[in-house]
Amino acid sequence: RQNMEQLTFIEEVQRISISLNKKVMTEIKERLLSQGITPFQYHILLIIGKCNHIGVTKLAEEMRVKPSAITPVITRLIDLELVSRYHSKEDRRKVNIELTAKGEQVIEEANEIVQKMIAHFFSCYEPKDQEQFLKLFKKLDANI
């Protein structure tokens with residue numbers, strides 16, 4: 001009996017995760033595209049912004065992809081004037097990426113949009129329920 005309940009729990013979590021991801025990502029993608037960037041580009045810009053500047057290899061590690069997958073995206077972000085690429089002064093073989101002023105502005109506007117969306121999604125919950133959700137979400141994140 002417990003095994004069946006567990007299976008139902010797992011199936012329900014799976015169903016809800018897929019549904020939420022689809023709904024949220026569709027909304028986020030639409031809003032980010034209005035800013036001229038994709039969710040993947042947004043994620044890259046967030047990491048670059050958080051680090052001030054970052055090497056391509058380190059960025060690929062953070063994104064959990066190969067550097068060859070990052071290079072064309074970086075080139076596109078350079079074309080959009082959202083990031084700049086330069087060689088390290090200490091090691092000319094190392095290429096660093098940093099946000100431009102335009103990139104910082106796009107990230108700021110995109111963050112505002114995403115934060116408003118998240119606030120809207122959770123507005124149906126009382127503050128204590130939001131706190132409980134966050135506590136459980138953090139626990140899940142720590143164990144994955």
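Reply: Contact here means heavy atoms within 4.5 Å. The structure under discussion is a predicted model. In that sense of contact, Val56, Thr57, Leu59, Ala60 and Met63 of helix 3 meet Pro67, Ile70 and Ile74 of helix 4. Two packed helices are described by the angle between their axes and the distance between those axes. For helix 3 (residues 56–63) and helix 4 (residues 67–79), the axes come within 9 Å and cross at roughly 105°. Helix 3 is therefore roughly perpendicular to helix 4, because angles of 65 to 115 degrees fall in that class.

Strand 3 (residues 95–99) may be considered next, with Asn96 as one of its residues. Asn96 has 7% relative accessibility and counts as buried, since the cut-off for burial is under 20%. Residues up to four places away in sequence aside, Asn96 touches His53, Ile54, Gly55, Ser84, Arg85, Tyr86 and Ser88.

Glu98 also belongs to strand 3, but Glu98 is partly exposed, with a relative accessible area of 29%. Beyond its neighbours within four places in sequence, Glu98 is in contact with Ile48, Asn52, His53, Leu82, Val83, Ser84 and Tyr86.

Finally, helix 6 (residues 127–142) holds Phe137, a partly exposed residue at 47% relative accessible area. Together with Phe133, Leu134, Leu140 and Ile144, Phe137 makes a nonpolar surface patch of about 540 Å².

Definitions and conventions: Residues are numbered from 1 along each chain as its sequence is written. This is a predicted model: local features need pLDDT of at least 70, side-chain atom pairs count only at pLDDT 80 or more; totals for chains, interfaces and linings use all residues. Side-chain values use heavy atoms; hydrogens and water are left out. Patches are made of residues with over 30% relative accessible area and no salt bridge: like charges are joined within 9 Å, nonpolar side chains (Val, Leu, Ile, Met, Phe, Trp, Tyr) within 5 Å. Accessible areas come from the Shrake-Rupley method with a 1.4 Å probe; for residues, only the protein chains shown count as cover. A salt bridge is a side-chain nitrogen of Lys or Arg within 4 Å of a carboxyl oxygen of Asp or Glu. Helices (H or I, at least four residues) and strands (E, at least two) are DSSP runs, numbered from the N terminus. Buried means under 20% relative accessible area, exposed over 50%, partly exposed in between (1.4 Å probe, protein chains only). Axes are lines fitted to C-alpha atoms, for helices over the stretch in contact, and angles run from 0 to 180 degrees between N-to-C directions. Angles under 35 degrees count as roughly parallel, over 145 as roughly antiparallel, 65 to 115 as roughly perpendicular and the rest as oblique.
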